[in-house]
Every structure is written in structure tokens, then in C-alpha cells.
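This report describes a single protein chain for a reader who has its sequence and structure at hand. Please consult both while reading.

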Amino acid sequence: MKNYLIIGGSSGIGKGLVDTLAAQNEQVFATFHENPTAGEAVNVSYHAINVLDEDLDMSFFPDQLAGLAY
């Protein structure tokens, strides 16, 4: 299982990518800004962030990423 970070994973293309990776049994860390989402899959976690904030809480990031989508 690889780790993927999807910035904007609660809607549109980002949500589609989250769903695709989750179906492939990958570990997905997704973020949202305005559309809170609860992950249905155990391998998906959603985190609220605003990429424009100077003090981002990135404590949920894994040590290694296999991919990033923004």
C-alpha cells in the first residue's frame, strides 16, 4: 500500500482520484477547504486545510508519499 496526498479531494477531479486510489487499496490522505467529507473507505482520511494559510497543520502527512495531486 502506497501513500497518496490529494489536495482538494472532496469534489470534482480530486474526489474521483480519491475514489480510484481507494478502490486500488492505496492509502489516501485527502484535504478539503469548503466541502467537508467523511471517507467511507478505511484507507481514506480527510483533513481540513487552507493552502493559503501561513501556519498549515501538516501533522497528518505520512513520512513518504508515492504521489501528490493538487
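The sections below proceed from the overall fold to individual residues.

## Basis of the model

The model is predicted: local features need pLDDT of at least 70, side-chain atom pairs count only at pLDDT 80 or more, and totals for chains, interfaces and linings use all residues. Residues are numbered from 1 along each chain as its sequence is written, and side-chain values use heavy atoms, with hydrogens and water left out.

## Overall architecture

The chain contains one helix and four strands, where helices (H or I, at least four residues) and strands (E, at least two) are DSSP runs numbered from the N terminus. In sequence order they give the pattern β-α-β-β-β. The radius of gyration, taken over C-alpha atoms, is 11 Å, close to the 11 Å that the globule rule gives for 70 residues, so the chain is as compact as a globular protein of that length. That rule is 2.2 Å times the number of residues to the power 0.38.

The C-alpha trace spans about 35 × 25 × 20 Å along its principal axes. Of the 70 residues, 34% count as buried; buried means under 20% relative accessible area, exposed over 50%, and partly exposed in between (1.4 Å probe, protein chains only). Contact means heavy atoms within 4.5 Å. Among contacts between residues at least 6 apart in sequence, 46% join residues at least 24 apart.

## The nonpolar cores

A nonpolar core is a set of buried Ala, Val, Leu, Ile, Met, Phe, Trp, Tyr and Cys residues joined through side-chain atoms within 4.5 Å. The largest one has ten residues, among them Tyr-4, Leu-21, Phe-32 and Val-44. Two or more of its residues come from each of β1 (3-6), α1 (12-23), β2 (27-32) and β3 (44-48). A second, separate core has five residues, including Ile-7, Phe-29, Ile-49 and Phe-60.

Val-44, a member of the largest core, touches Val-18, Ala-22, Gln-27 and Val-28, when neighbours within four places in sequence are left aside.

## Two loop residues

Ser-10 lies in the loop between β1 and α1 and counts as buried, at 14% relative accessibility. Beyond its neighbours within four places in sequence, Ser-10 is in contact with Lys-15, Thr-31, Phe-32, Asn-35, Thr-37 and Tyr-46.

Thr-37 is placed in the loop between β2 and β3. This residue is partly exposed, with a relative accessible area of 22%. With neighbours within four places in sequence again set aside, the contacts of Thr-37 are Ser-10, Phe-32 and Tyr-46.

## The salt bridge

Side chains of opposite charge can pair when their charged atoms come close. The structure holds one salt bridge, a term for a side-chain nitrogen of Lys or Arg within 4 Å of a carboxyl oxygen of Asp or Glu. Which side chains meet in this salt bridge? They are those of Lys-15 and Asp-19, at 3.1 Å from N to O. Because the two residues are four apart in helix α1, about one helical turn separates them. Lys-15 is partly exposed at 26% relative accessible area, and Asp-19 is partly exposed at 41%.

## The surface

The accessible surface of the chain comes to about 4,700 Å², of which 50% belongs to carbon and sulfur atoms. Tyr-70, in the segment after β4 (67-69), is exposed, with a relative accessible area of 74%.

Conventions:
Accessible areas come from the Shrake-Rupley method with a 1.4 Å probe; for residues, only the protein chains shown count as cover.
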